[in-house]
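Here are a few exercises to work through with the model open. Try each one before you read its solution.

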Amino acid sequence: MNVFISGSTGSIGFVLLRMMLEKTNHNFYLLVRDGAELTGEQRIQNMLKAAYAEQPAVNVDAFMNRIKVYSGNLLQKNFGLSEEEFDALAGQLDIIYHSAASLSFTQTLEDARNINVGGTKNVLALVEKCQAKGKLKRFHHVSTAYVSGTHCDTFTENMLVEGQGFNNTYEQTKYESEIIVREYLAKGYPITIYRPSIVICDSKTGEITKSNIIFDFMKRVSQGKIKQVVCDDDSSLNLIQMDFVVECLFEISEQPDSIGKTYNLTNNENTNIKEFVSWWAKCGNVPLPEFISFQEKEKASASTILRLTPFLPYMKGSHTFDNTNALAATKKAPTKATTFEEMQRCIEFSKKHGLFK
């Protein structure tokens with residue numbers, strides 16, 4: 001099979017690429033922007049070498065022989081490729097994974113739409129051309145459980161348009177993207193949708209990236225730089241381990257009967273925020289931040305409110321999700337909140353790999 005992955009340098013996309021390189025004989029077509037000093041191909045090669053640095057038995061060069069990197073931009077028509085290149089790419093592909101997105105909570109709506117909605121439309125143009133050539137077998141779209149927005153009750157896998165508002169432009173544009181993807185699903189395209197909640201580190205290795213949405217908060221707490229946290233005693237987050245997300249995504253994507261379905265890749269049990277923050281402080285051997293209830297939020301400093309504002313809806317909302325489809329497909333949906341031991345491994349990984357600099 002020939003597989004296209006958008007977002008292959010992102011946290012989910014890169015872990016998925018590695019898993020599929022290890023578990024399949026597929027060939028991979030990746031869209032990667034050139035850096036200031038490195039080409040897209042060099043970026044992928046260096047990332048793979050770093051990921052397998054402690055596994056000398058893994059032949060990264062052999063992996064690279066199965067990878068073709070296109071230097072382009074997801075936000076441009078045809079990814080910035082010529083018509084001939086784009087047409088040839090579509091003629092090669094059997095399976096397409098779209099995991100690229102901006103995770104920023106603070107972008108303007110215009111900028112977030114340009115990346116998340118515009119990027120999705122450009123990938124769907126590839127899907128459409130691939131389908132027209134009679135090649136397309138599957139399209140896998142990585143959404144987010146937080147298309148739920150301000151919806152208060154448990155959000156199921158069959159829900160989408162529920163009259164909800166949105167806490168930030170990330171939620172809104174991922175919702176808008178899923179609306180568009182579902183229009184293609186209604187036309188008969190072989191689509192599967194995946195909705196992770198808040199993705200944290202790998203539960204076994206502690207692996208995490210700086211682009212992880214809660215990494216900066218985690219780092220600052222463990223360094224003693226966050227002195228106050230606004231939350232209530234029962235405030236909680238739905239945290240899901242990276243390895244679970246990617247393992248489930250891969251396993252489900254291999255199942256023919258998953259076409260047309262949506263899967264909430266979420267935890268069955270939320271993690272209490274006070275306990276979670278306490279773990280980070282303990283891991284860093286720093287004093288515990290002061291906890292301030294939402295009722296007394298005015299007691300928090302201006303800098304605390306500024307730093308926490310993007311996350312306050314999640315700290316207050318304690319969102320819950322139903323993952324019936326995911327559990328039925330994988331038989332391994334998590335039944336426990338994340339653990340202190342996992343966070344210790346995450347801290348150790350971050351320090352070892354210089355992520356706290």
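A quick term to start: buried means under 20% relative accessible area, exposed over 50%, and partly exposed in between, with a 1.4 Å probe and protein chains only. This is a predicted model, where local features need pLDDT of at least 70, side-chain atom pairs count only at pLDDT 80 or more, and totals for chains, interfaces and linings use all residues. Residues are numbered from 1 along each chain as its sequence is written, and side-chain values use heavy atoms, with hydrogens and water left out.

**Exercise 1.** Find Phe 79 and Asn 285 and work out whether each is buried or exposed.

Solution. Start with Phe 79, in the loop between strand 3 and helix 4 (83–92); helices (H or I, at least four residues) and strands (E, at least two) are DSSP runs, numbered from the N terminus. Phe 79 is not a glycine, yet its phi is positive, near 60 degrees. Its relative accessibility is 1%, so Phe 79 counts as buried.

Now hop to the loop between helix 9 (273–284) and strand 13 (290–292), where Asn 285 sits. Asn 285 is another non-glycine residue with positive phi, near 55 degrees. Asn 285 counts as exposed because its relative accessibility is 73%.

**Exercise 2.** Trace the pairings of strand 2 (residues 27–32).

Solution. Take strand 1 (residues 2–6) to begin with: 4 bridges join it to strand 2, running parallel (strands pair if DSSP finds at least two bridges between them). Ile 5 faces Leu 30 across this pairing. Next, 5 bridges link strand 2 to strand 3 (residues 67–71), also parallel, and Val 32 has Ser 71 as its bridge partner there. Finally, check cover: 5 of the 6 residues in strand 2 are buried.
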